[in-house]
Amino acid sequence: MNTALRSARKGTTEAAWVRYTLIGVAMLFMLLFLVLPLAAVFTEAMRKGLDAYLDALKDPDAWSAIRLTLLTAAVAVPLNLVFGVSAAWAIAKYEFWGKSFVTTLVDLPFSVSPVVAGLIYVLVFGAQGWFGPWLMAHDIKIVFAVPGIILATIFVTVPFIARELIPLMQAQGNDEEQAAIVLGATGWQTFWYVTLPNIKWGLIYGVILCNARAMGEFGAVSVVSGHIRGQTNTMPLHVEILYNEYQSVAAFAVASLLALLALVTLLIKQVVEWQHEREMKSLSDLSPEPTVHLKAAS
Amino acid sequence: MSATTLPVPSLPATRTKRRVLPGFNITLGFTIFYLSLIVLIPLSALVFKTFTLTWTEFCEAVTGARVMASYRLTFGASFLAALVNVVFGLLVAWVLVRYSFPGKKIIDALVDLPFALPTAVAGISLTALLAGNGWIGQFMEPLGIQLAFNRNGIVIALIFIGLPFVVRTVQPVLEEMEKELEEAASCLGATRWQTFSRVIFPSIAPALLTGFAMAFARAIGEYGSVIFIAGNMPMISEITPLIIISKLEQYDYAGATAVACVMLVISFMLLLLINGLQGWQRRRSGGSTS
């Protein structure tokens, strides 16, 4: 490296003490705000030993909360998956009148307060709501019952998969799909063999984030759940009840399961990113473009 | 630069002809059907319910003393938290992009924790940390600083919730910045600080602002992580979403709806602002590379 280059590098980075101070402050901030809260969940759960921890998880109410959370995610995530793919296809592949309105509508649940999200379903299906009297006459319970919990969860998780796929599909353009169609593929074949392989990492990423939010949603579900123990309590709601009853170990035991879910989500996300990077790298190794040769030669 | 939505006025016949890819009608149809069912109709129920109130009823519901205090608290705490997130979010993004150090990949992955960790879990865990007998609280209490069960706790919870927004909007912009600009600045005799404040900062400012707006918007609606740590004293530490809940618990549906409508309008305006900021950011970065 010649001296000119070295001085240029000097001009584009900081003195060592500045670097180490910045890294130190950033690490301290991350430790205080992210690592400690995470560690606190597990230590509080284990405060009275492993037996108390396991007993808290064996509680039948905890089990029914776990079952309800799994059921909610099992309904909400696939529905939002189908919606996300369909919305991304429509928005990314075509131009149409009102497209920005539809895109805004997809984003809207992200910015609506979870409490408001719960309230709107009470207003539609509650006793004093639009369909309240009719539902009551037919003895159908939606709000303060499982269907309401699932609906509110679907609302707050609507954007996750669509938001992940739209920019991805827009960046990839329509060329490959058009080629497939011209070569005689059906629309379904085109999607399955051309589009899906291109978007699969984004899709997985969207699904795991959607799932994490579906299982962890608190505010919206809290409004539409009747807080009936063993019936309409999801895991986050069960955590709240136990915590408010000063059953700290039990609350943190259930919370630790949710924290594990969050860690697994982050892990899968990381693996997905690495896989994606590796694929992009092998792709760029495959196609020898003139710019690549130039860089290698110099 | 990719053209954004430009509705081309044309006859329906020519338009369908231009569409080579199949599936437009079915995917858009399903998208609109689903959005109507899940988002549009329930949200319009909120608006219609609000319109059943008279103007004076509405004003009374949304400007009561307790409600006004909750707006001040929610907006103030959210603003403060978003500001802290801008400073530390930029710092974390900078350190992650520019420097290498052991454990960097783990830290990078951990930034998304607030997205993945359920808010109720974050709430009880922060409370356990900051309460008088907690890991952090036990050191602060003797100093006369109480962090939990008051407004401090609310701001801390909102900082936790908003951090990833700033980091994840600034990080890609920093990654894509051209080193040549900084080299040029340094060759022309700029100090490192001048290079940062005159060259780097202006090009990441739109992303910082977007991150700020996103963290702020999220903080305003946040409920789960705040209620455990807030103490929830009327007039002092009661956030607006909690006002809606307590009105609902008193079967005051009209009052809850009115306050919710105000919040909905605010979050809708913030969403439009964020979209505008992101458009600005795209144009800025598009302009600098071309």
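1. **Ground rules.** This is a predicted model, in which local features need pLDDT of at least 70 and side-chain atom pairs count only at pLDDT 80 or more, while totals for chains, interfaces and linings use all residues. Residues are numbered from 1 along each chain as its sequence is written, chains are lettered from A and ligands numbered from 1 in the order in which they are written, and side-chain values use heavy atoms, with hydrogens and water left out.

2. **Extent of the interface.** Counting contact as heavy atoms within 4.5 Å, chain A brings 92 residues to the interface and chain B brings 87 residues. The buried area between chain A and chain B is about 8200 Å², and carbon and sulfur atoms give 80% of that. Here buried area is the accessible area (1.4 Å probe) that two parts lose on being put together, summed over both. On the chain A side, T12(A), F29(A) and Y94(A) supply 8% of the area that chain A buries against chain B, more than any other three residues.

3. **Polar links across the interface.** Between chain A and chain B there are 15 residue pairs in polar contact, both residues being at pLDDT 80 or more. A polar contact is a pair of N or O atoms within 3.5 Å; within protein, one must be able to donate a hydrogen and the other to accept it, and residues adjacent in sequence count only if both atoms are side-chain atoms. Helix α2 (residues 16-45) of chain A gives the largest share of the side of chain A that touches chain B, with 20 residues. That side of chain A comprises 62 nonpolar, 20 polar and 10 charged residues.

4. A salt bridge is a side-chain nitrogen of Lys or Arg within 4 Å of a carboxyl oxygen of Asp or Glu. K269(A) and E273(A) both sit in helix α14 (residues 248-286) of chain A, 4 residues apart, about one turn of the helix. Helices here are DSSP runs (H or I, at least four residues), numbered from the N terminus. K269(A) is buried at 3% relative accessibility, whereas E273(A) is partly exposed at 30%; buried means under 20% relative accessible area, exposed over 50%, and partly exposed in between (1.4 Å probe, protein chains only). The network of salt bridges links K269(A), E273(A), D108(B), D112(B) and R168(B).

5. **Two salt bridges within chain A.** R163(A) and D107(A) pair with their closest N and O atoms 2.8 Å apart. This joins distant parts of the chain, with R163(A) in helix α9 (residues 159-172) and D107(A) in helix α5 (residues 99-111), 56 residues apart. R163(A) is partly exposed at 28%, and D107(A) is buried at 8%. R47(A) and E44(A) also meet in a salt bridge, at 2.9 Å, N to O; R47(A) is exposed at 56% and E44(A) is buried at 13%.

6. **Aromatic pairs.** There are 27 aromatic pairs over all chains. Rings of Phe, Tyr and Trp (its six-membered ring) pair if their centres lie within 6.5 Å; planes under 30 degrees apart count as stacked, over 60 as edge-to-face and the rest as tilted. F29(A) and F88(B) are stacked, at 4.4 Å centre to centre and 5° between the planes. F29(A) is in helix α2 of chain A and F88(B) is in helix α4 (residues 65-98) of chain B, so the pair joins two chains. F29(A) is buried at 6%, while F88(B) is partly exposed at 26%. Ring pairs also link F218(A), Y243(A), F252(A), Y223(B) and F228(B) into a cluster.

7. **A buried threonine.** T257(B) lies in helix α14 (residues 253-289) of chain B and is buried, at 0% relative accessibility. Leaving out residues up to four places away in sequence, T257(B) touches L119(A), L123(A), L46(B), K49(B) and T50(B).

Methods
Nonpolar A, V, L, I, M, F, W, Y, C, P; charged D, E, K, R; others polar.
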